[in-house]
Amino acid sequence: MMSNYKPESDLSRMNRSAHFQPIRIPRELYEIIEESLFYSRHSDGQFDISVGPLVDLWKATLAGAPLPTTTDQASALRCIGYQKIELIRQTAFNFIRIACD
């Protein structure tokens, strides 16, 4: 469920899709994100679970891809910020949406 390396995991699916529309996520993943957002708020963003897009850019560079362009970096930065994560609790299902500027 929480693997960032398995494309079929709930976390990977969420990372691919939640920028475009709210997506349904399992209760356990919802609760982990909810707890993580607590620490993001209380650390004033020093702990921020939304940094994945920027980390992925630099991981690719370490693996041999060219350095990210300024445009690549700006695109990744648009989606970073724990404040952009919206958890939507409903009776039967939980959803998440990530706003990109």
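For sorting residues, Ala, Val, Leu, Ile, Met, Phe, Trp, Tyr, Cys and Pro count as nonpolar, Asp, Glu, Lys and Arg as charged, and the others, Gly among them, as polar. This is a predicted model, where local features need pLDDT of at least 70, side-chain atom pairs count only at pLDDT 80 or more, and totals for chains, interfaces and linings use all residues. Residues are numbered from 1 along each chain as its sequence is written, and side-chain values use heavy atoms, with hydrogens and water left out.

**Exercise 1.** Find how the lining of the largest pocket divides into nonpolar, polar and charged residues.

*Solution.* Step two: the lining splits into 15 nonpolar, 7 polar and 3 charged residues.

**Exercise 2.** Work out which residues of α1 are buried and where they sit around its axis.

*Solution.* Step one: helices are DSSP runs (H or I, at least four residues), as are strands (E, at least two), numbered from the N terminus. Step two: buried means under 20% relative accessible area (1.4 Å probe, protein chains only), and L11, S12 and M14 of α1 are buried. Step three: they lie on the same side of α1, because they cover an arc of only 160 degrees around the axis, taken from the directions from the helix axis to the C-beta atoms. Step four: the buried residues of α1 pack against β1, α2 and β3, with contact meaning heavy atoms within 4.5 Å.

**Exercise 3.** List the contacts of I96 beyond its neighbours within four places in sequence.

*Solution.* I96 touches M14, A18, Q21, P22, I23, I25, I33, I85, E86 and L87.

**Exercise 4.** Describe the largest nonpolar core.

*Solution.* Step one: such a core is a set of buried Ala, Val, Leu, Ile, Met, Phe, Trp, Tyr and Cys residues joined through side-chain atoms within 4.5 Å. Step two: the largest one has 13 residues, and M14, I25, I33 and I96 have the most contacts inside it. Step three: α2 gives the largest share, 4 residues.

Definitions and conventions: Buried means under 20% relative accessible area, exposed over 50%, partly exposed in between (1.4 Å probe, protein chains only).
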